[in-house]
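Please keep the sequence and the model at hand while reading.

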Amino acid sequence: MNFEELYKTDLHNHLDGSILMSTCVDIINQQKIVTKHWTMEDIEQGKITSEFLGQIVYARTDMKDLLEYLRAFDVTGACMQTELNLIRVVNETISNAAKSNIKHIELRYAPAFHTSTGLTQQQVQNIVAKAAKEASVQFKVSVTIIICTMKLFAPDSEITQATFALYDQQYPVPIAYDQAGPECMFQFTDYQKQTDAIKVPITLHAGEAAGAEAVKSAVLVGRATRVGHGVRSFESTEVMELLRDRKIYLEMCPTSNTQTNVQGISKTLEDYPLKKYLDFGIKVTLNTDNAMISRCSVASELELMTQKLNLEPVDILMITNFGFEAAFNPNAEEKEKLREEAFKWNVKCLSKYDPEVEKKFCERMKLFQ
Ligand SMILES: [Zn+2]
């Protein structure tokens with residue numbers, strides 16, 4: 001199947017994990033940015049190449065844990081601390097998505113991580129939202145920005161409070177809420193006071209490092225209508241039923257899961273629960289997580305899952321359609337128009353492989369009513 005030509009969404013994409021490698025090399029050498037992984041001398045001797053950075057940044061399947069995977073963000077984060085660099089990264093990420101027929105992208109990031117040269121979180125968010133709007137028009141991609149609070153910072157800390165202040169403002173693109181960072185640190189109850197007060201849609205990272213209970217808590221306590229990963233939901237039938245009955249969307253990212261050693265998922269992905277969830281009536285979507293760091297795209301993830309789980313054209317049609325359905329876009333009319341357009345196009349593309357794909361889709365969707 002040709003996965004590039006399909007109209008797709010990327011709902012789980014960390015901006016600082018998707019910055020292009022060539023951009024990192026460029027910015028570090030031109031702006032002489034030093035991190036703990038290299039010295040000024042290394043820069044002056046021309047050592048900072050994509051091969052060099054790749055050793056630090058690219059994720060591998062033999063990484064110890066999520067923390068080792070997160071090391072890459074020392075590098076990418078350092079390249080995203082000024083207005084011009086932020087604009088460039090947002091623009092390139094959306095341009096890159098457009099090239100592979102991503103029609104709706106949701107870029108998530110934590111403004112608190114982009115203030116080291118003196119920008120406030122509010123300034124960072126204004127820059128990112130404006131750049132996103134411009135790129136959205138330029139490349140004809142619908143864009144939402146998901147603002148993350150980080151579990152690294154205490155729920156009542158000044159940093160977290162400054163992030164929460166952002167959700168009350170108006171921006172040129174829609175926004176949403178996510179809580180990111182190692183799942184072991186805080187649970188959703190710690191943030192309940194703040195999340196109860198916000199009015200934007202909520203997705204929460206859960207069921208990646210922690211198990212099915214975290215997914216349940218994300219939905220019941222955190223009011224999440226989407227769950228970032230949720231891959232370990234299979235540990236509990238009760239949690240799977242909860243996801244199905246409440247029509248919660250899972251933002252699945254298989255390649256990333258093999259690199260962060262998600263418990264219960266084999267490196268070969270042959271037991272990856274995506275198909276199991278789909279057949280159970282859970283709405284699953286496929287995403288990149290960190291496209292550059294994990295060296296993947298939505299098209300490559302669709303292809304990978306098709307190979308590993310023997311997905312049929314109708315499965316692909318369902319997964320891509322759920323992506324458009326799950327989009328955080330408050331403009332319901334615009335969102336439905338895009339979903340419909342994508343659906344028609346994808347039926348046309350997938351009919352080459354299965355002329356009955358649309359009929360099978362209608363049949364299979366009965367499970368989700
Ligand atoms: Zn993530």
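Donors are N, O and S atoms within 2.8 Å of the metal, and because water is not among the atoms, sites may look incomplete. The model is predicted.

**The zinc site.** In this model the protein donors of the zinc ion are His-12 (NE2), His-14 (NE2), His-205 (NE2) and Asp-289 (OD), which lie 2.1 to 2.5 Å from the ion. Along the chain these donors follow the spacing H-x1-H-x190-H-x83-D, and distant parts of the chain are linked by the pair His-12, in strand β1 (residues 8–14), and His-205, in strand β5 (residues 203–206), which are 193 residues apart. The arrangement is irregular because the four donor atoms around the zinc ion subtend angles of 82 to 169°, whereas a tetrahedral site would need all angles between 85 and 135 degrees. His-12 counts as buried, at 0% relative accessibility, and His-205 is also buried, with a relative accessible area of 5%.

Four strands form an open sheet in the order β1-β2-β3-β4, with parallel pairing; its edge strands are β1 and β4 (175–180), each of which pairs on one side only. From one strand to the next, the twist averages 25°. Strand β3 (residues 142–150) runs parallel to β4 and is joined to it by six bridges, and the bridge partner of Ile-146 in β4 is Ala-176. Two helices that pack on this sheet are listed below.

| Helix | Strands touched | Angle between directions |
|---|---|---|
| α7 (residues 83–99) | β1, β2 (102–109) and β3 | about 150° with β2 |
| α16 (residues 313–326) | β1 and β2 | about 65° with β1 |

How values were computed. Residues are numbered from 1 along each chain as its sequence is written. This is a predicted model: local features need pLDDT of at least 70, side-chain atom pairs count only at pLDDT 80 or more; totals for chains, interfaces and linings use all residues. Side-chain values use heavy atoms; hydrogens and water are left out. Donors are N, O and S atoms within 2.8 Å of the metal (3.2 Å for Na, K and Ca); water is not among the atoms, so sites may look incomplete. Four donors count as tetrahedral if all angles lie between 85 and 135 degrees; four count as square planar and six as octahedral if opposite donors are over 155 degrees apart and all others between 65 and 115; anything else is irregular. Buried means under 20% relative accessible area, exposed over 50%, partly exposed in between (1.4 Å probe, protein chains only). Two strands pair if DSSP finds at least two bridges between them. Axes are lines fitted to C-alpha atoms, for helices over the stretch in contact, and angles run from 0 to 180 degrees between N-to-C directions. Contact means heavy atoms within 4.5 Å.
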